[in-house]
Amino acid sequence: MNILAIETSCDECSAAVLQDEILKSVVISSQLVHTEYGGVVPELASRAHMELIVPVVEEALRKSTLTKDMIDGVAVAYGPGLAGSLIVGLSFAKGFASSLDVPVVGVNHMEGHLYSSFLEESRPRFPFVALIVSGGHTMLIRVKEPYSHELLGQTRDDAAGEAFDKVAKLLGLGYPGGPVIDKLAKEGNPGTYDFPKSFMDGESLEFSFSGIKTSVLYLLRNIKYDPSNRDEKIVRDICASFQRAVVETLVEKTIWAAKRFGVKSICMAGGVAANSELRKTMQTRAENINAKIFFPRPLYCTDNAAMIGIAAHFKYKKFGMKTELTLKPVPNLPLVS
Ligand code: KG4
Ligand code: ZN
């Protein structure tokens, strides 16, 4: 099966070509237009997707060395995400599939993240527990077999990536916050500030990250922090202490889940899974319980179409490939079991 996969949920316009589960090409165009606004502006995102979608697909096809008429189906993310952005990818996918008379399969964006570790050579074994940490979601999921998902816990308020973005904004570090905090934290002392960790009693698998963000806000008020005249040592120490608290919460709960369900494979995905300290700490803690950790390379942690293609592979192997021309964007699409 040669699949063209499309991802336009948020601010990455991406296309990929897969031959069964083998990735032939992926093109990811990140929209820089949002940087000056400190977050994604939905209207600008959909307009940028309209300009990018055709050249991005053309480049993915060219790089794959496959021609259009060799495509057997189109996979597209139809939610969760921004309605206007999803519509662009979905409309393109339907039009492209109709013109070739091939099926189009809708993929949940979170399922894309969930299966993204399968894009790498070393692949997880079923059953596994997965931590998905992105800008909009923080979830722990148990995957018993392909497309059998059980949501074990999720955030009650902010997502982990959202906390990184908000703290970076408070510090005046720009958007997105994750990569810059990751970098600055390397030179800071994580023991400087004691930021709160939520839901740590009774091995709870629920998350909350709004308290830690508020705690950073109060600290900055107390020290009369001025982003335009900042002390770089203080910034580095705040980044390191904040990151340590978030990483410890994420790792602890993932390990609890792996132990509770006796799984030996742990997957981690989503933008925050690109975080260097999270990757290192998760690896060490997984080894301590004789479990193996799987995460994709940083490029496939953030939004991309390759993950939509690999999830589609598992989906059509289980349910078959039906034409879904009536598919609509679902901005708050839940993860289904
Ligand atoms: O998965 P993703 O690309 O988009 C969503 O589906 O939300 O995740 C984006 C999020 C942003 O909040 C960004 O700050 C965060 O991932 N992120 C990171 C890192 N790289 C991206 N967070 C922590 N450390 C990183 N290195
Ligand atoms: Zn995502």
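Helices (H or I, at least four residues) and strands (E, at least two) are DSSP runs, numbered from the N terminus. The model is predicted: local features need pLDDT of at least 70, side-chain atom pairs count only at pLDDT 80 or more, and totals for chains, interfaces and linings use all residues. Residues are numbered from 1 along each chain as its sequence is written, chains are lettered from A and ligands numbered from 1 in the order in which they are written, and side-chain values use heavy atoms, with hydrogens and water left out.

Ser116 lies in the loop that runs between α3 (109–115) and β6 (128–133). Its relative accessibility is 0%, so Ser116 counts as buried. Contact means heavy atoms within 4.5 Å. With neighbours within four places in sequence left aside, Ser116 is in contact with Ala269, Pro296, Tyr300, Met307 and Ile310.

Helix α4 was examined against two other helices. Axes are lines fitted to C-alpha atoms, for helices over the stretch in contact, and angles run from 0 to 180 degrees between N-to-C directions. Angles under 35 degrees count as roughly parallel, over 145 as roughly antiparallel, 65 to 115 as roughly perpendicular and the rest as oblique. The axes of α4 and α7 (residues 232–261) come within 12 Å and cross at roughly 170°. This makes α4 roughly antiparallel to α7. On the α4 side, the contact involves Ala160, Ala163, Phe164, Val167 and Leu171. These meet Ile238, Cys239, Phe242, Gln243, Val246 and Leu250 of α7. By class, the α4 contact with α7 has 10 nonpolar residues, one polar and no charged. Ala, Val, Leu, Ile, Met, Phe, Trp, Tyr, Cys and Pro count as nonpolar, Asp, Glu, Lys and Arg as charged, and the others, Gly among them, as polar.

The axes of α4 and α6 come within 10 Å, with a crossing angle of roughly 10°. The two helices, α4 and α6, are therefore roughly parallel to each other. From α4, Lys166, Val167, Leu170 and Leu171 take part. From α6, the contact uses Lys213, Val216, Leu217 and Leu220. Six nonpolar, no polar and two charged residues make up the contact of α4 with α6. In α5, the buried residues are Gly177, Gly178, Ile181, Asp182, Leu184 and Ala185. The buried residues of α5 pack against α4, α7 and α8 (276–288).

The structure holds 17 salt bridges. A salt bridge is a side-chain nitrogen of Lys or Arg within 4 Å of a carboxyl oxygen of Asp or Glu. One of them joins Glu206 to Arg156, with the closest N and O atoms 3.0 Å apart. Glu206 lies in the loop between α5 (177–185) and α6 (210–222), and Arg156 in the loop between β8 (148–154) and α4 (160–171), so the pair ties together parts that are 50 residues apart in sequence. Arg156 is exposed, at 55% relative accessibility.

Lys166 and Glu162 form a salt bridge at 3.3 Å between the closest N and O atoms. Both lie in helix α4, four residues apart, about one turn of the helix. An α-helix has 3.6 residues a turn, so residues three or four places apart point the same way. Lys166 is partly exposed at 29% relative accessibility, and Glu162 is partly exposed at 25%. Glu232 and Arg230 also meet in a salt bridge (3.3 Å, N to O). Glu232 is partly exposed at 35%, as is Arg230 at 30%. Salt bridges that share partners join Asp158, Glu162, Lys166 and Lys213 into one network.

A search of the whole structure finds zero disulfides, a disulfide being a pair of cysteine sulfur atoms within 2.5 Å. For Cys10, the nearest cysteine sulfur is that of Cys13, 12 Å away. Cys10 is partly exposed, at 23%. The sulfur of Cys301 is 11 Å from the closest cysteine sulfur, in Cys267, too far for a bond. Cys301 is buried, at 0% relative accessibility.

Some backbone features remain. The peptide bond joining Gly79 and Pro80 is cis, with omega about -5°. Pro80 is in the loop between β4 (73–79) and α2 (83–100). The bond from Tyr175 to Pro176 is cis, with omega near -10°. Thr65 is not a glycine, yet has a positive phi of about 65°. Thr65 is exposed, at 66% relative accessible area.

Notes
Buried < 20%, exposed > 50% of the residue type's maximum accessible area, 1.4 Å probe, protein only.
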